[in-house]
Amino acid sequence: MVKQYRARLRHEENIERKAIDGGTVQWLVDRELGAEHLMAYRLTVDPDSMASHVHLGSEEASYLLEGNGEVRVEQSIHSVSGGQAVFVPDGAIHSYVNTGAAPLVVVGAMAPLIEVDDIHPAMPPLAQSGVGRAAGEASRVTTTMMDERFITPTLMGERSFRVLLSPQQVGCLRMTMFTGVIPSGRAPLHAHPHEEIVYILAGGGRLWIEDDPAGELRPGSVIFVPVGVRHTLENTGSMDMKVLGAFSPAGSPEAKV
């Protein structure tokens with residue numbers, strides 16, 4: 001029997017929020033949705049709170065969507081705000097610390113897939129007294145963090161993308177994370193040699209799978225596209241659409257099949 005692969009579209013307001021220590025998590029894409037190479041989540045950390053965990057067998061790429069705080073990876077401390085991405089190696093203890101008055105919101109991906117039960121709370125090997133840190137301590141940032149403001153965009157027709165995390169940049173082995181800008185209009189259908197997850201950051205439009213419209217897009221929409229499935233995103237508005245994407249195996253957003 002031939003296994004059928006299909007793309008899926010979801011909206012975050014329809015996805016269950018699960019309470020964790022310090023906030024909530026939504027599993028945007030997982031094995032139940034048909035994913036085989038990577039999974040995606042949306043994490044919200046409450047003010048003056050911390051969410052710490054560890055997982056073996058999967059690396060993680062995180063993009064800061066809203067708020068201000070820190071991402072602590074083992075002994076490294078990254079002061080973060082919107083538009084910055086952090087790579088977490090397989091097996092590294094890491095924490096998301098909210099140092100602001102509003103929720104800290106992170107959208108991220110993990111590759112390869114693991115069971116949610118294999119993600120365990122952990123006490124990071126860093127001082128826990130207070131969520132704020134002195135300026136000298138917060139400046140200990142390594143190359144595992146990238147800021148999209150300082151990445152030169154790559155043009156792809158009228159569209160553009162910025163690769164945030166890749167094997168060449170930070171040594172992640174199994175996936176690539178990027179942001180992309182889509183102007184008004186619809187690009188040609190295309191397919192990739194990798195599994196892809198797309199999260200709409202701003203703007204709106206329509207998802208096309210093959211020659212069929214597959215649903216409307218808005219901020220918080222999540223798209224899962226299996227390997228080899230032809231698709232495109234149409235921007236139906238007058239303002240640019242901005243997306244966050246991750247795919248596995250790692251490679252280039254320009255790769256087509």
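## Cavity, sheet and salt bridges in a predicted model

Strand 11 (104–111), strand 18 (195–202) and strand 23 each contribute at least two residues to the lining of the largest cavity. Welcome to a quick tour of a predicted model, in which local features need pLDDT of at least 70 and side-chain atom pairs count only at pLDDT 80 or more, while totals for chains, interfaces and linings use all residues. Residues are numbered from 1 along each chain as its sequence is written, and side-chain values use heavy atoms, with hydrogens and water left out. Strands here are DSSP runs (E, at least two residues), numbered from the N terminus.

**The cavity**

- The structure holds one cavity of 30 Å³ or more; a cavity is a set of points on a 1 Å grid over the protein atoms alone where a 1.4 Å probe fits but cannot get out.
- The volume of the largest cavity is about 90 Å³, taken as the space filled by probe spheres set on the points, with grid points joined across faces, edges and corners.
- Its lining numbers 13 residues, and Ala40, Val107, Ile197, Leu244 and Ala246 lie nearest the centre; lining residues have an atom within 4 Å of a point.
- By class, 11 of the lining residues are nonpolar, two are polar and none is charged. Here Ala, Val, Leu, Ile, Met, Phe, Trp, Tyr, Cys and Pro count as nonpolar, Asp, Glu, Lys and Arg as charged, and the others, Gly among them, as polar.

- Five strands make up an open antiparallel sheet in the order 8-7-10-5-12, where two strands pair if DSSP finds at least two bridges between them.
- At the edges are strand 8 and strand 12 (120–121), each of which pairs on one side only.
- Strand 7 (residues 69–73) runs antiparallel to strand 8, and five bridges join them. Five bridges also join strand 7 to strand 10 (residues 94–98), again antiparallel.
- Arg72 stands opposite Ile77 in strand 8, and the bridge partner of Arg72 in strand 10 is Ser95.
- Strands 7 and 8 form a hairpin with two residues between them, and Glu74 in the turn has a positive phi of about 50°.
- Strand 8 (residues 76–80) is mostly covered, with four of its five residues buried; buried means under 20% relative accessible area, exposed over 50% and partly exposed in between (1.4 Å probe, protein chains only).

**Salt bridges**

- The model has 10 salt bridges, each a side-chain nitrogen of Lys or Arg within 4 Å of a carboxyl oxygen of Asp or Glu.
- Glu12 and Arg42 form a salt bridge whose closest N and O atoms are 3.0 Å apart. Glu12 lies in the loop between strand 1 (8–11) and strand 2 (18–20) and Arg42 in strand 4 (residues 39–45), so the pair ties together parts that are 30 residues apart in sequence.
- Glu12 is buried at 14% relative accessible area, and Arg42 is buried at 8%.
- Lys242 and Glu148 meet in a salt bridge (2.8 Å, N to O). Lys242 belongs to strand 23 (residues 241–248) and Glu148 to the loop between strand 13 (145–147) and strand 14 (154–156), so the pair ties together parts that are 94 residues apart in sequence.
- Lys242 is partly exposed at 26% relative accessibility, whereas Glu148 is buried at 10%.
- Asp147 and Arg149 form a salt bridge with closest N and O atoms 2.6 Å apart; Asp147 is buried at 9%, while Arg149 is exposed at 60%.
- Arg206, Glu216 and Glu234 are linked in a network of salt bridges.

How values were computed:
On a 1 Å grid over the protein atoms alone, a cavity is a set of points where a 1.4 Å probe fits but cannot get out, and a pocket is an open set with protein on both sides within 12 Å along at least five of seven lines; lining residues have an atom within 4 Å of a point.
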